[in-house]
Amino acid sequence: MSLITPPRPFDITALFPQLAPLARTATRLHPRPGSPTVHDSSVGGPLLWPADEPWPYCDEPHDSRVAPVVHSPDDIRLLRRIHAASAERLHLDPEAAQWTPEELATLERIRAGRPWFDGPIPLLPVAQLYARDIPFPCPPDADLLQVLWCPFDHADAHPVTALFWRSSATVTDVLDAPPEPPIVQLDRYLPEPCLFSPEQVTDFPHPRELDDELRDQLNDARRWETIDPAQYSTYTDDLGELYLGNLSTAPGWKTGGWTTWGDIDPVDRPCPECGTEEVPLLTIASSEWDGISKSWIAEEDPANPAPPPLGARDGNFTLIDIVGGYNLQLHACPADPSHPHIELVQ
């Protein structure tokens, strides 16, 4: 599948030349449901994991009070298949029953939940990125990034990630059946397997990253008078949202580019090991767009199936949700990406 971001409403650098040197290349990943293998860049797919390397576990305590009902990964996958089958059935026959008797019985069993588990939790694969497919900062001896997380909230009320860098050529014997958590806190912490359709776009800084003078200019309606409203009125009637939602940082899953800021002002992100300012590595997004960034919705392949997959209508193809619609942005040290990374929820 090839997905293409529509052109921006106009060239923002023609109106504000000060932005031109601030442009950065970002790679939108456009995850879409698929059947990845260990040799693919993917979300929630199998990893090229050496058979002789121990699988990582989370040994931290997990609070049963925040999850009165928990499910196994297989229960969640079965629940998704049932919902997909129901959507397909109703698409073909709007008068059909939403659930079959067998599905209702399975739904009742799944909703009852699983017993709590008080032991170390195997980490779940979240993403695998091959440098041959997707540009991102790598250590000199690596061409593969693997991101895993513990599917439970921790101190910051979101899953904690672990990054593994490796050279794919050195992995000759692959682990066939990695362990899975007996339970996960929330179904939205189990990624739906997706393949990427990488596309490079131009990112400009979030307004809060700009100096006061340029930010004031962006908020001055007189500076926009040379632009025909027809070029942007279909996107927004609010000039403040025009730059933020349509001309600055690309939404959704991506590598590189600029950091997206939401509830907090920009903060320094010094590398915990060497102090170098860390840069955006990977954005794990809850959606490919939001209410003010719909102009970024990619032009879908015409062969896209109907009905669309679960989550497609709101741009959440991976079925991951971070704190109710936020992004989990991973930042890496440009001096040495193998240094500890920084997580930022915005």
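Which residue's charged end sits over the ring of Trp258? That's Arg24, at 3.6 Å from the ring centre. Likewise, the charged end of Arg32 sits over the ring of Phe317, 3.8 Å from its centre. A charge counts as sitting over a ring if NZ of Lys or CZ of Arg is within 6 Å of the ring centre and within 35 degrees of the ring normal.

A quick word on the model: it's predicted, so local features need pLDDT of at least 70 and side-chain atom pairs count only at pLDDT 80 or more, while totals for chains, interfaces and linings use all residues. Residues are numbered from 1 along each chain as its sequence is written, and side-chain values use heavy atoms, leaving out hydrogens and water.

Now for rings meeting rings. A search of the whole structure turns up eight aromatic pairs. Rings of Phe, Tyr and Trp (its six-membered ring) pair if their centres lie within 6.5 Å; planes under 30 degrees apart are stacked, over 60 edge-to-face, and the rest tilted. Two of the pairs are set out here:

| Pair | Centre to centre | Angle between planes | Type |
|---|---|---|---|
| Phe10 and Trp224 | 5.9 Å | 75° | edge-to-face |
| Trp116 and Phe152 | 5.7 Å | 85° | edge-to-face |

Trp116 and Phe152 are 36 residues apart.

How covered up are these rings? Buried means under 20% relative accessible area, exposed over 50%, and partly exposed in between (1.4 Å probe, protein chains only). Phe10 is buried at 10%, and Trp224 is buried at 2%. Phe152 is buried at 2%, whereas Trp116 is partly exposed at 27%.

Technical notes
Helix = DSSP H or I, 4+ residues; strand = E, 2+ residues; numbered from the N terminus.
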